[in-house]
Amino acid sequence: MSQAAVKPDTRQFRDALGSFTTGVTIVTTVDAEGRDIGLTANSFNSVSLDPPMVLWSLAKTSLSLAAFVHNPHFAVHILAADQRAISDLFAKRGADKFAGTTLARGEGGVPLLEGCSARFQCRTAFRYEGGDHEIFVGEVMRFDHFDKPPLVFHSGKYGLVVKQAASPAPVPVDEAAAESSFSRDFLGYLLGAAYSQLFKPIRDEFSRRGLSENEYYLLSILGVDEDLPLDEIGTLMSFAGHTLGEELIAGLAGRGLLVRGDGRLSLTDSGRRAMIELFAVAKSAESDAESELDYSESQLLKQLLRRVIRSTSRGLPPLLRKR
Ligand SMILES: Cc1cc2nc3c(=O)[nH]c(=O)nc-3n(C[C@H](O)[C@H](O)[C@H](O)COP(=O)(O)O)c2cc1C
């Protein structure tokens with residue numbers, strides 16, 4: 001069987017390459033005039049353990065090429081999951097990339113960025129032609145490992161790493177129960193169980209302060225959106241199964257926690273203070289709930305829950321959908 005040599009369609013070739021998932025790095029150096037230079041690169045890879053070597057490739061069209069050819073020293077920063085903004089900045093051609101950045105100096109005076117997951121200070125050992133790119137192989141002189149979850153790049157988009165469970169999720173023993181909407185695998189059960197456990201310390205705290213769930217709910221709406229009209233508050237309350245009645249408003253106003261004026265409700269200073277304290281309890285309950293998740297996993301969990309909320313809130317008033 002013969003095969004014709006086909007010049008790959010650039011778009012399709014790029015898409016195919018994009019199915020290889022990589023981390024994201026920023027590679028830095030200093031140019032002949034002493035200016036800090038850097039760019040985002042995902043072509044990084046390990047080459048050798050002994051001697052320790054890494055490689056990456058740089059487009060020949062890059063404004064940074066002359067600096068990396070001139071300076072034998074460079075530093076590779078493997079970006080952490082929360083460094084997407086700096087990745088975007090260093091991917092902008094000709095941008096003022098180092099303004100306002102905290103820097104240290106490494107081998108050969110190259111700029112070292114903070115907050116990354118790992119950092120390698122290198123000396124260029126070899127340089128190769130690689131089509132429209134120049135390949136740099138660096139000998140690693142020093143490295144730092146900060147053990148933060150990494151930023152990921154796949155199919156032209158950033159991603160987060162989610163580790164697979166050590167063993168596959170257990171298959172429910174009772175298949176009939178698994179089919180039923182009351183199984184422990186049911187999303188509603190999982191969300192409900194997670195919510196009621198997460199909410200327990202918050203409930204304990206507002207009960208200790210003599211507040212009912214209805215009262216807490218009204219105060220927390222006002223804590224998020226100051227000075228809301230009564231009809232919007234009523235809609236938000238009913239969405240969560242609560243009712244906004246005269247008695248509820250009068251009770252909280254009588255205790256000096258909220259004021260009513262011109263068809264609107266807002267927190268008083270002591271209402272705001274109470275809510276700040278309750279939000280602190282809520283924040284601590286949230287970090288306890290996330291204690292077994294790393295940064296990427298908790299970001300992913302929130303993103304997925306937002307998607308579930310979006311897909312289950314179709315047809316609801318816009319006020320509820322945007323919350
Ligand atoms: C995730 C990501 C990975 C990239 N990887 C590389 C790479 O490996 N090599 C490269 O030359 N450009 C890469 N780029 C593009 C450069 O960051 C971009 O062209 C930058 O503007 C170059 O800056 P400069 O022209 O100021 O040197 C990447 C961009 C992104 C967003």
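The side chain of S64 has an N or O atom 2.4 Å from an oxygen atom of the ligand. That is a polar contact, meaning a pair of N or O atoms within 3.5 Å; within protein, one must be able to donate a hydrogen and the other to accept it, and residues adjacent in sequence count only if both atoms are side-chain atoms. This is a predicted model, in which local features need pLDDT of at least 70 and side-chain atom pairs count only at pLDDT 80 or more, while totals for chains, interfaces and linings use all residues. Residues are numbered from 1 along each chain as its sequence is written, and side-chain values use heavy atoms, with hydrogens and water left out.

| Residue | Part of the residue | Distance to a ligand oxygen atom |
|---|---|---|
| S64 | N or O atom in the side chain | 2.4 Å |
| K97 | polar side-chain atom | 3.0 Å |
| G94 | backbone N or O atom | 3.3 Å |

The protein buries 82% of the 650 Å² that the ligand exposes when taken alone. Accessible areas like this one come from the Shrake-Rupley method with a 1.4 Å probe; for residues, only the protein chains shown count as cover.

Which residues come nearest to the ligand? They are T40, S43, A59, S62 and S64, out of 19 residues around it; a residue is near if one of its heavy atoms lies within 4 Å. By class, this shell holds eight nonpolar, eight polar and three charged residues. Here Ala, Val, Leu, Ile, Met, Phe, Trp, Tyr, Cys and Pro count as nonpolar, Asp, Glu, Lys and Arg as charged, and the others, Gly among them, as polar. Strands β3 (36-41) and β5 (53-59) each supply at least two residues of the shell. Strands (E, at least two residues) and helices (H or I, at least four) are DSSP runs, numbered from the N terminus.

In the loop between β4 (45-48) and β5 sits P51, which is joined to D50 by a cis peptide bond with omega of about 0°.

Now to Q83, in the loop between β6 (73-78) and α3 (84-90). Is Q83 buried or exposed? Q83 is buried, because its relative accessible area is 9%, where buried means under 20%, exposed over 50% and partly exposed in between (1.4 Å probe, protein chains only). A polar atom of its side chain lies 3.2 Å from the backbone oxygen of E114, and the Q83 side chain also reaches the backbone oxygen of G115 at 3.3 Å.

Two residues other than glycine have a positive phi. S155, with phi of about 50°, is in the loop between β11 (151-154) and β12 and is partly exposed at 46% relative accessible area. D262, with phi near 55°, lies in the loop between β14 (258-261) and β15 (264-267) and counts as exposed at 77%.

V162, in the loop between β12 (157-160) and α4 (175-179), is 132 residues from D294 along the chain, yet their C-alpha atoms are separated by 9.0 Å.

F186, L187, Y189, L190, L191, L293, L301 and L305 make a nonpolar patch of about 630 Å². Two or more of its residues come from each of α5 (187-208) and α10 (295-312), and α5 gives the most, with four. L301, in helix α10, is partly exposed at 40% relative accessible area.

Key:
Patches are made of residues with over 30% relative accessible area and no salt bridge: like charges are joined within 9 Å, nonpolar side chains (Val, Leu, Ile, Met, Phe, Trp, Tyr) within 5 Å. A salt bridge is a side-chain nitrogen of Lys or Arg within 4 Å of a carboxyl oxygen of Asp or Glu.
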